[in-house]
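Please look over the sequence and the structure shown here. A short report follows, organised by region.

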Amino acid sequence: MTDIATIMTSLSTAGSVAKSLLDIKSISESAEARLAIAELQNTIADSRSEVADLKDDLMIKDEMIRTLKEKISKGAKLVRHNEMYFDAGEDGKPIGDPYCPRCLEAADLHVHLVRSNADYVNCPNCEKVFPRDPN
Ligand SMILES: [Zn+2]
């Protein structure tokens, strides 16, 4: 796959070729040819700018892909049980303390619920209260 640096080098070479055309006497004496070369140089400069923008967009997308991969790998290790989300053990069964289902589903936040009393747990983030044993 062609990378951004290769495209930039090609555009730079094209710019140098366009500039060197002006050294040819028959071209430099023609106003029409000089105008065409100026347009060519502007087009090359615009292309370089667009490629630089593309490079920025690609970097942003790469970062988004990295973040999403992290979320997917984290999400794949969760298991839903009794309306709560838990980390999944190697056997796929829930282990540890439950995560707040509201924060997880609405904001993709992994917030462990904490015990309020013998019957209820609450979320330290959204402060929603859940029955400790929903069944
Ligand atoms: Zn919550």
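## Helix α1

Ile4, Leu11 and Ala18 are buried in helix α1. These three cover an arc of only 45° around the axis, which puts them on the same side of α1. The model is predicted.

Helix α1 covers residues 4–21, 18 residues in total. From its first C-alpha to its last, α1 reaches 26 Å. That is close to the 26 Å expected at 1.5 Å a residue. Thr9 also sits in helix α1. Thr9 counts as partly exposed because its relative accessibility is 48%, and buried would require under 20%. Thr9 and Thr67 are 58 residues apart in sequence. In space, 31 Å separate Thr9 from Thr67, C-alpha to C-alpha.

Strands β1 (78–81) and β2 (84–88) pair in the antiparallel sense, over four bridges. His81 stands opposite Met84 in β2. Arg80 stands opposite Tyr85, also in β2.

β1 and β2 form a hairpin with two residues between them. Phi of Asn82 is near 50°, a positive value in a residue other than glycine. Glu83 has a positive phi too, about 65°, although Glu83 is not a glycine. Glu83 counts as exposed, at 55% relative accessibility; the cut-off for exposed is over 50%.

Ala88 has Pro94 in β3 as its bridge partner.

This hairpin of β2 and β3 has five residues between the strands. Gly92 takes a positive phi there, near 85°.

## The zinc site

Which residues coordinate the zinc ion? The donors are Cys100, Cys103, Cys123 and Cys126, each through SG. The distances are 2.2 to 2.4 Å. The four donor atoms subtend angles of 103 to 116° around the zinc ion, which makes the arrangement tetrahedral. The ideal angle for four tetrahedral donors is 109.5 degrees.

Along the chain, the donors follow the spacing C-x2-C-x19-C-x2-C. Cys103 lies in helix α4 (residues 101–107), and Cys123 in the loop between β5 (120–122) and β6 (129–131), so the pair ties together parts that are 20 residues apart in sequence. Cys103 counts as buried, at 4% relative accessibility. Cys123 is buried as well, with a relative accessible area of 0%.

## The sheet of β4, β5 and β6

What is the order of the strands in the open sheet? Three strands form this sheet, in the order β4-β5-β6, and the pairing is antiparallel. β4 (114–115) and β6 stand at the edges, each with a single partner strand, so one side of each is left without a neighbour in the sheet.

β4 and β5 pair over two bridges, in the antiparallel sense. Val114 stands opposite Asn122 in β5. In general, strands of a sheet pair through backbone hydrogen bonds, either parallel or antiparallel.

## Points to check in the viewer

- Start at helix α1 and find the buried residues Ile4, Leu11 and Ala18.
- In the turn between β1 and β2, find Asn82 with its positive phi of about 50°.
- In the hairpin of β2 and β3, find Gly92, with a positive phi near 85°.
- Around the zinc ion, find the SG atoms of Cys100, Cys103, Cys123 and Cys126.

Key:
Residues are numbered from 1 along each chain as its sequence is written. This is a predicted model: local features need pLDDT of at least 70, side-chain atom pairs count only at pLDDT 80 or more; totals for chains, interfaces and linings use all residues. Side-chain values use heavy atoms; hydrogens and water are left out. Donors are N, O and S atoms within 2.8 Å of the metal (3.2 Å for Na, K and Ca); water is not among the atoms, so sites may look incomplete. Four donors count as tetrahedral if all angles lie between 85 and 135 degrees; four count as square planar and six as octahedral if opposite donors are over 155 degrees apart and all others between 65 and 115; anything else is irregular. Buried means under 20% relative accessible area, exposed over 50%, partly exposed in between (1.4 Å probe, protein chains only). Two strands pair if DSSP finds at least two bridges between them. The expected span of a helix is 1.5 Å times one less than its number of residues. The arc is that of the directions from the helix axis to the C-beta atoms.
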